[in-house]
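Subject: Structure handover and notes

Dear colleague,

Please find the structure below, together with some notes to read alongside it.

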There are 2 protein chains.
Amino acid sequence: MNEQVLLARAYLSRVAEPPAPGLVELVAQVGPVEAAARVLDGRVEEPVAAETGVRRAVHRPGADLEAAAAAGARLVTPEHPEWPAEAFAAFDAAGIAQLAPPLALWVRGPGRLDELCGHAVAVVGARAATSYGAHVAAELGSGLADRGCTVVSGAAIGIDGAAHRGALGVEGPTVAVLACGVDRFYPASHELLLERIAASGLVVSEYPPGGVPARHRFLVRNRLIAGLAAGTVVVEAGPRSGAQRTASDALSLGLPVMAVPGPVTSAMSVGCHRLVRDGALLVTCSDEVLEAVAPIGEHLAGAPALEAGRPTDGLDAPAALVHDALPARAARDTRWLALESGVPIGAVRAALTALERRGLVEHCEGRWRRRVAEEER
Amino acid sequence: MNEQVLLARAYLSRVAEPPAPGLVELVAQVGPVEAAARVLDGRVEEPVAAETGVRRAVHRPGADLEAAAAAGARLVTPEHPEWPAEAFAAFDAAGIAQLAPPLALWVRGPGRLDELCGHAVAVVGARAATSYGAHVAAELGSGLADRGCTVVSGAAIGIDGAAHRGALGVEGPTVAVLACGVDRFYPASHELLLERIAASGLVVSEYPPGGVPARHRFLVRNRLIAGLAAGTVVVEAGPRSGAQRTASDALSLGLPVMAVPGPVTSAMSVGCHRLVRDGALLVTCSDEVLEAVAPIGEHLAGAPALEAGRPTDGLDAPAALVHDALPARAARDTRWLALESGVPIGAVRAALTALERRGLVEHCEGRWRRRVAEEER
């Protein structure tokens, strides 16, 4: 990774308030290093001048990268292999100024951004969630994570927090996208939750270290939640919820929007019902969500053709161990399979995905079982 | 009304177990009197022979008509002006044997069948309703009835009963379609409810007096609930609810199907959520139901063009009284308007519908108010 490019992107990330479509366009034309130099010297025209005028003198990319490192964070740029290029291509394709892609992303945690977002669903909703909504968000979070799907959300009180916790509860992957620096804990009551997410998944932000959670940043941030996932589920939303903005961003990006119904007597379900009436897919469980973001046909499209021979031939060691651990008829959950096979839980999940692609196992109400082979039927 | 035709229809209604598509076809070809004579003599071929063979000797149309009259009921046939011919034309158009129209309908109550069904919505659902479902059904029942819309249902325990009660609670029109004779009270615990419906609306059945509520008759009966209404709302339904049959019949008849969402944690909402996922319209209140069965455009289509002059010119006396009773700015409910104007509540409702068509009043959260004229805006 070119140090100059990294410093240039860090500087631009500090200077421009997202979304900054003009600056993004300039960077695409002349590259980040030249763009940073021009911004620093004030050699830019409108709209870039307006996007960068106020903060262009704040030139402290080295200090920002050090502050990030001190917090266990790093800067991921479009020049990095882990940049989720495909996801952000949809931002460009949308051609909407408000949906300009980020100039770079500050990330904290052991996960690789592109891998985590390769199979991810956004689960979002109201801060003033009901106990029903929080329950459903946690169930969706754990159900999705248990199938190896990353749960993307905004770490807010209410639905967001419940979704993250659901994923963490099954030791599954989860990504929190913040409206402030990744070195801050916002909301403060979610300090422990954010620590846990940063310890296993990723905390992500386009705001540099120390960036404050200004009000308008929450709505701007929502486009990243929508865009980093293959689809967005709204669990609860009042009549004027920010979650509806996330849903609308997902729609603009050509991604499926789903909504969980609730009692028509609940103000917190009004937004969800409106979304369904406007065309969003009603979903009631994680299997329905997965079906919507990864239709059966797509799954099969990537599956290797079965050759003559035993269907388990050619499995890697963890997959073979997990397959052997499964009883002939009974279903078992991921945790049980890890204990029985001695394979770490993360590898068990990967193994199950591989086994499922081969048609050797199937998922059923949170557990896995062997599929009956054709000749046994 | 030709006495011979009435006796023939009464006999055929006793002889054939609905749906009897063969017999309906024969009646269409040779008329009810000739069809009845042939059935009585056994001069019919398949499938009519099979449809009528078992009970063809039970020739007691006079006694059945007398039993009906003793219970305050009468037989309505396709030859009567009050036969809802348009509704049953959809049965023929569907071309599905299971959706054969009834040969005649036994009705009990003061209502006119065609008038009641001219602007009707079916509100149906599970017997094992939750308190949430019963609450929503009652709200829909009263909301629809308050706008002059007839609530059609099956008088069962649970959702059906709550919907009827909601309509009765605002002295609104409601029709109960039974799977047994209209002289029976089934379920027994709904004796009082059925008496109230028969006192103001209509209790309807295709089964002759004394007919027992055999299990299969409930599903067969559901096609009449669906067909007599302009659309069907399912409020709560388990995974295998009879309400889904009503919904499926409505679909086959080309009528809109609506479903009320509920908690995804409730077994009683599983059927509703499945309906929405399969294409039914999600509805949360009576206004959304009315919008679906009578789109704004259609309403306007029937509205008389406003001539020059005062917009209230040409109103009939009750409508003028109701219009005068409405305060300039505040909204009032139907009951208040009846008290204030001295117009009976049924006539108030008709007047409001006429006033609404002319754009003089509008409905707002269960109440009515004057519409601000263009020049006042």
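Against which elements of chain B do the buried residues of α1(B) pack? They pack against α2 (21–30), α3 (32–41), α4 (48–52), α5 (61–70), β1 (73–76) and β2 (105–108) of chain B, where helices (H or I, at least four residues) and strands (E, at least two) are DSSP runs numbered from the N terminus.

Before the rest, two remarks on conventions. This is a predicted model, in which local features need pLDDT of at least 70 and side-chain atom pairs count only at pLDDT 80 or more, while totals for chains, interfaces and linings use all residues. Residues are numbered from 1 along each chain as its sequence is written, chains are lettered from A and ligands numbered from 1 in the order in which they are written, and side-chain values use heavy atoms, with hydrogens and water left out.

Helix α1 of chain B

This helix covers residues 3–15, has 13 residues and reaches 18 Å from its first C-alpha to its last, close to the 18 Å expected at 1.5 Å a residue (the expected span being 1.5 Å times one less than the number of residues). Of its 13 residues, 10 are buried, so α1(B) is largely enclosed by the rest of the structure; buried means under 20% relative accessible area, exposed over 50% and partly exposed in between, with a 1.4 Å probe and protein chains only. Among the buried residues are L6(B), Y11(B) and R14(B).

R108(B) is found in strand β2 of chain B and is buried, with a relative accessible area of 8%. Its side chain reaches the backbone oxygen of V182(B) at 2.8 Å, a polar contact (a pair of N or O atoms within 3.5 Å; within protein, one must be able to donate a hydrogen and the other to accept it, and residues adjacent in sequence count only if both atoms are side-chain atoms). Not counting residues up to four places away in sequence, R108(B) touches residues including F185(B), L194(B) and E195(B), contact meaning heavy atoms within 4.5 Å.

C180(B) lies in the loop between β5 (174–177) and α10 (191–200) of chain B and counts as buried at 1% relative accessibility. With residues up to four places away in sequence left out, C180(B) touches Y186(B), S205(B), Y207(B), G211(B), V212(B) and P213(B).

In chain A, Q244(A) lies in helix α12 (residues 242–252) and counts as buried at 17% relative accessibility, and its side chain reaches the backbone oxygen of P239(A) at 3.3 Å.

Helix pairs in chain A

Two packed helices are described by the angle between their axes and the distance between the axes. Here axes are lines fitted to C-alpha atoms, for helices over the stretch in contact, and angles run from 0 to 180 degrees between N-to-C directions. Helix α1 (residues 3–15) and helix α5 (residues 61–70) of chain A pack at an angle of about 90°, with their axes 8 Å apart. That makes α1(A) roughly perpendicular to α5(A) (angles under 35 degrees count as roughly parallel, over 145 as roughly antiparallel, 65 to 115 as roughly perpendicular and the rest as oblique). In this pair, L6(A), L7(A), A10(A), Y11(A) and R14(A) of α1(A) meet P61(A), G62(A), D64(A) and L65(A) of α5(A).

Best wishes
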